[in-house]
Amino acid sequence: MDPDEFRRAGHAVIDWIADYWATLEQRPVTRADPPGTVAAALPAAPPGHGEPVDAVLADLDRIVVPGLTHWQHPGFFGYFPANTSGPSLLGDLISSGLGVQGMLWATSPACTELETVMMDWLAQLTDLPGKFRSSGSGGGVIQDSASSATLVATLAALHRASGGRWRDAGIDRRYRAYTSVHGHSSIEKAVRIAGLGSDGVRPVEADRETHALRQAALRAAIEADLAAGDVPAIVVATIGTTSTTAIDPLPEIGAICAEYGIWLHVDAAYAGAAAVCPELRWAQAGLEYADSYCFDPHKWLLTGFDCDAFWVADRAELVEALTVLPEFLRNAASESGAVIDYRDWQVPLGRRFRALKLWFVLRWYGAEGLRAHIRSGVALAARFADQVRADERFELAAAHPFSLVCFRLRADDDTNAELLARVNRTGRVHLTHTRVGDRYTLRLAIGSPQTAERHVDEAWTLLTAAADDLLAR
Ligand SMILES: *Cc1c(COP(=O)(O)O)cnc(C)c1O
């Protein structure tokens, strides 16, 4: 594909995406075709000779798009949002076009330096403690996901807790990780990958009302492990749990970690984006105790997957834990100690130029544009919650500090599951569920930049219509 062919095909592809975004609302959010439908529509073998891009686009419309869940749809309320945006896509396109590898500063200096500055900008924008800035002992890096951030934090914590033995000789003791029973599944995965086994995670009891980690239970778990001769290595606290957006008490957890010398990682994958708004920063009180922190701009900050923003208070510890230096990567800049080599801050060696999409997003929207996006989601969630509260057939199942509302019909689990299935079958909205207090609970999470009052109101209309029908049975 020469540059002119690329230009022609590229214009067609950009048009295709713009049309897709403009027509999202008319599409069903999800379809329920049986497994294998898309695979069966594809040829069994790759083409022997090249085909034009037009032919691929035609099959994209015919085969692929009908098999999609439209995450950018204004009626998509499932899981947490994974919103993208025009500026993010354009920045990513340039990253793909440049195709540079940013594993070392020396392999593309601008790739590293733009990332360092973007992470400092984001730290400023979300008012993080000063120790996370690159001007001090800390700094930020873009990971592919919050899962990777937790893994990397766990490895650095093990390095610290073992006095370096974990890195050089492997696991020599039983090291322990602590998180609330509502901590994300990626924590157990990280602990397993790190070699501690699932038993290495101590699930700590949460408050039954707030769903936040109980500090007394954390202290008791740590004391019990110490008494057994085990080594507490890391506590993962959450701002905005996946199930209900509960907020763990960071000041108390942080004080416990400081007392016992345990690494504190704070996972704010979804809710961290809210801190661009000064009025929502209360949720990160106590963050000054954290050794590491992350949130996902790819969830609620208009930056397409993948973009997890991860900070450490002491970058030397992280680099010490992860660095391996083969001869073929040796270079004068690295040896001078004057540059950052992000390969030492992550699991893979190679890395994409992801700072570009962040740069495009931050410049296009500005702090005020990003705040408007977050505020819109919070206000729409409050509007929906008011409707739930005003209808005595329904109840709220948890607080809604951000843009997630957990609610249910005052009815049994099967009725609530049927309610969810019915509204999703309309194709107009897509909600998912969780269990709160062991009861089936519906989740409505707002985050698409296209979602407006009418979409949230439509969700409520569909829910009440389905409820009328179910309760009349
Ligand atoms: C979504 C989520 C994660 C996982 O995010 P990825 O970036 O997909 O790995 C981790 N923790 C919490 C609290 C989440 O909500």
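Let's start with the second largest cavity, which is lined by Trp-71, Phe-76, Pro-81, Ala-82, Asn-83, Ala-445, Gly-447 and Ser-448. This is a predicted model, in which local features need pLDDT of at least 70 and side-chain atom pairs count only at pLDDT 80 or more, while totals for chains, interfaces and linings use all residues. Residues are numbered from 1 along each chain as its sequence is written, and side-chain values use heavy atoms, with hydrogens and water left out.

What do I mean by a cavity? On a 1 Å grid over the protein atoms alone, a cavity is a set of points where a 1.4 Å probe fits but cannot get out; a pocket is an open set with protein on both sides within 12 Å along at least five of seven lines, and a lining residue has an atom within 4 Å of a point. Grid points are joined across faces, edges and corners, and a volume is the space filled by probe spheres set on the points. By class, its lining has 5 nonpolar, 3 polar and no charged residues. Here Ala, Val, Leu, Ile, Met, Phe, Trp, Tyr, Cys and Pro count as nonpolar, Asp, Glu, Lys and Arg as charged, and the others, Gly among them, as polar.

How many cavities of 30 Å³ or more does the structure hold? There are 2. The largest cavity has a volume of about 60 Å³, and residues lining it include Ile-239, Leu-280, Arg-281, Gln-284, Tyr-293 and Phe-402. That lining divides into 8 nonpolar, 2 polar and 1 charged.

Now, on to a lysine. The unreviewed UniProt entry places "modified residue: N6-(pyridoxal phosphate)lysine" at Lys-299. A word of care there: UniProt positions are in the numbering used here, feature names are shortened, and annotations may be inferred rather than shown by experiment.

Is Lys-299 buried or exposed? It counts as buried because its relative accessibility is 17%; buried means under 20% relative accessible area, exposed over 50%, and partly exposed in between, with a 1.4 Å probe and protein chains only. Lys-299 sits in helix H11, residues 297-300. Helices (H or I, at least four residues) and strands (E, at least two) are DSSP runs, numbered from the N terminus.

For contrast, take Pro-47, in the loop between helix H2 (37-41) and helix H3 (53-64). Pro-47 counts as exposed because its relative accessibility is 53%. Pro-47 and Phe-80 are 33 residues apart along the chain, and their C-alpha atoms are separated by 38 Å.

Next, the strands. Strand S5, residues 263-267, has 5 of its 5 residues buried. Trp-263, His-265 and Asp-267 point one way from S5, while Leu-264 and Val-266 point the other way. Strand S4 (residues 231-238) pairs with S5 in the parallel sense over 5 bridges, and Ile-234 stands opposite Trp-263. Two strands pair if DSSP finds at least two bridges between them.

S5 is also joined to S6 by 3 bridges, again running parallel, with Ser-292 in S6 as the bridge partner of His-265. Strand S6 (residues 292-295) is covered on both faces, with Ser-292 and Cys-294 on one side and Tyr-293 and Phe-295 on the other, all buried. S6 and strand S7 (residues 308-312) run antiparallel, joined by 4 bridges, and Cys-294 stands opposite Phe-310.

Last, the open spaces. The largest pocket has about 380 Å³ of space. Of its 13 lining residues, Tyr-20, Trp-21, Gln-72, Thr-84 and Leu-89 are closest to the centre. Which helix gives the most to that lining? It is H1, with 4 residues. The lining divides into 8 nonpolar, 4 polar and 1 charged.

The second largest pocket has a volume of about 290 Å³. Its lining of 14 residues has Val-319, Ser-334, Val-339, Asp-341 and Asp-344 nearest the centre, and by class it has 6 nonpolar, 3 polar and 5 charged residues.
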